[in-house]
Amino acid sequence: MKKQLLTLGTLLVVGTSVVAAQQINAAGATFPAVIYQKWFDEYHKLHPNVQVNYQAIGSGGGIAQLTSGTVDFGASDMPMKDEQISKLKVPALHFPTVLGGVVPTYNIPGVSQTLKFTPETLAGIYLGEIKTWGDDRLKKDNPGVKFPNNEIVVVHRSDASGTTFVWTDYLSKVSPDWKSKVGSNTSVSWPVGLGGKGNEGVAGLVKQTPNSIGYVELIYAVQNSMPYGEVRNAAGKFVKADFTTVSDAAAGAAANMPKDFRVSITNAPGKNAYPISTFTWLLIPTQFSDANKANAIKAFLQWMLADGQKYATTLSYAPLPKPVVQKELQQIAMVK
Amino acid sequence: MATEAIVVTKAIRAKTQTGDTVARLVVLSFAASVLVVTVLLVRQLWVASEATRHAAGLSFLWSTSWNPVTDEYGALPFIYGTVVSSVIALLISVPLGLGAAVFLSELAPARISSSLTFLIELLAAIPSVIYGLLALFTIVPLMRVFGEPFLKSVLGFLPLFQGPAFGVGMLTAGIVLAVMTIPFIISVSRESLLAVPREQREAALALGATQWESTWQVVIPYAKLGISGSIFLGLARALGETMAVTMVIGNAPKIAASLFAPGYTIAAGIADQFSEATGRLYQSALVELGLVLFCLTIVINGLARLMIIATTRKGSRRP
């Protein structure tokens, strides 16, 4: 009996050490959580000994966990600020993974067309200066649309989020009034409006409340079949958000991409660029104590930049443009 | 023989005395552990909110700005929202709950009373998130389409009922909280009313009182302690309610005169913002909100106790 137990025990120990499963922990942004889960699942099927456990606790949470060292890498919808980077014990690299767009979605009784919004009208609505749908400024950009003269119900996010950061970052760039009165952050002091929790909360409130306007990730508007408007970009063209226009925004910014990939691509140059687009990043430390873990992560990053991008459009994310992918492949070498 | 008996008894007594002492210590430690947990909780709240306490001091309590961009935080809109939504909830749930409790204890036949009570106690056990979802899909549209326009047309001259009807807002949050506190009020009040001795009712009726007079002037004052307890239980739930409120209150940290306007409560604010709050000052401001809620609860409970002491001393209980 004892001999059998001993053999069994040895076999188990040998067995597990042979497999040498690589367990990697990550946490962060909620927006790309769907595609990250898909990637980690697919990668695990190809490399059964690599298991990544991703918790979508929010960009802020991801950065906090990376700083305290409880996760191996983080994910964030917005680039880390300098003061956050200074708190890291091991410097981290930003790897853009996919692109997303933030769209203005609305629910106006009697209006089924796609509305056109200029930066001025969006800023005016969210500052509370444009109060009714019958305002002349909206009518001017949308001739032929019968607006009811009802009060606009503005909806925003009540929780801190990367989506809010992108939206307010865009408004700060196009409206000096917005920049001085409100500013840009994951959570701001909104002049007007109701707060919904999460993209789902905002989408839900807009769907339920007539005469409302809110901002959500492109994916949510598409999946909930909600109407969303075109926005005028820096080149002066009214562009509707979809995979190509969002990727164009990144391509437009690729030329001037900083080396650390910490860039905001809102209001990007480019004829067909959608102005309210954003990268989402993986935050990978430059140094790992476990060489196997470092190699596993590097291999994953290379797979993600090549085969992983193919999964993007089926899950309603925009893939990275080629010039950005090339630059990122070079950055992988910096992970030790 | 007698000395043997004394020795044996002494031995047994010694054993049972040690047993008693041990039992006393164990039970004392359980009670003390509650105290210890509370003290640790307050200490943690105090320590984690240090950054904002240093930066803003007492002005945190009356400042109305909540700006993560400029790092200026003030608790007044949250305190206002918490208090106002709870008051609305009590104003609705106390008459309804007490009335239902009176019906169930005094007027209903026993079988109906017990089955209804069972259903009501089931309601008290439903998780608050479900109430929130229910409210979002039923109460909010009803308020937006019927309730708020009706109130505006009838009582629109009051600043309380002016402004656009969103559906979500302070009034809807108060109504949802009322729905959640009514089961508590009904079940505990009913128990206290049933505990009133029959002699009291019979004496009142024998003296010529009507059934309503005997209920209102004899039975209810007798059960006042239990009824107040149920109200404060309901109030405690309303003050701390998080998920149901955050779905229907509109989540805007502003103080507005109108009940139709969106607002914010402390619990909803913390739940919404804490997980993604980056920045030491932001996080410590949210923790300080928690500390404020803790103190608010203590103050309200203290006032409640004082009120009970004052009213019972007046001699409304039996001599």
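This is a predicted model: local features need pLDDT of at least 70, side-chain atom pairs count only at pLDDT 80 or more; totals for chains, interfaces and linings use all residues.
**View 1. Overall architecture of chain A.** Chain A contains 13 helices and 11 strands. Along the principal axes, its C-alpha atoms occupy a box of roughly 85 × 45 × 35 Å. Of the 336 residues in chain A, 49% are buried. Among the contacts in chain A with a separation of 6 or more, 72% join residues 24 or more positions apart.

**View 2. The contact region between chains A and B.** Here 25 residues of chain A are in contact with 22 residues of chain B. On the side of chain B that touches chain A, at least two residues each come from strand S1 (66–67), helix H5 (128–155) and helix H11 (266–273) of chain B. That side of chain B comprises 11 nonpolar, nine polar and two charged residues.

**View 3. The largest nonpolar core.** This core holds 169 residues. The members that touch the most other members are Ala250(A) and Leu283(A) in chain A, together with Ala135(B), Val176(B), Ile185(B), Val248(B) and Leu289(B) in chain B. Helix H6 (residues 170–194) of chain B supplies the largest share of the core, 14 residues. In chain A, residues of the core are drawn from both domain 1 (22–99 + 280–334) and domain 2 (102–251), and the core therefore lies between these two domains. In soluble globular proteins, nonpolar side chains tend to be buried together.

**View 4. The surroundings of Leu283(A).** Leu283(A) is one of the core residues that touch the most other members. When its neighbours within four places in sequence are set aside, Leu283(A) is in contact with Leu66(A), Phe73(A), Gly74(A), Ala75(A), Ser76(A), Met80(A), Ala92(A) and His94(A).

**View 5. Strand S8 of chain A and its pairing partners.** Strand S8 of chain A spans residues 212–217 and is mostly covered, with six of its six residues buried. Strand S4 (residues 92–107) of chain A pairs with S8(A) in the antiparallel sense, over six bridges. Within this view, Thr105(A) has Gly214(A) of S8(A) as its bridge partner. Strand S6 (residues 153–157) of chain A also pairs with S8(A), in the parallel sense and over two bridges. Ile213(A) in S8(A) stands opposite Val154(A).

Technical notes: Residues are numbered from 1 along each chain as its sequence is written. Chains are lettered from A and ligands numbered from 1 in the order in which they are written. Helices (H or I, at least four residues) and strands (E, at least two) are DSSP runs, numbered from the N terminus. A residue is buried if 20 or more other C-beta atoms lie within 10 Å of its own, exposed if 12 or fewer, and partly exposed in between; C-beta atoms are placed from the backbone. Two residues are in contact if their C-beta atoms, placed from the backbone, lie within 7 Å. Ala, Val, Leu, Ile, Met, Phe, Trp, Tyr, Cys and Pro count as nonpolar, Asp, Glu, Lys and Arg as charged, and the others, Gly among them, as polar. A nonpolar core is a set of buried Ala, Val, Leu, Ile, Met, Phe, Trp, Tyr and Cys residues joined through C-beta atoms within 7 Å. Domain bounds come from an automatic or database domain assignment. Two strands pair if DSSP finds at least two bridges between them.
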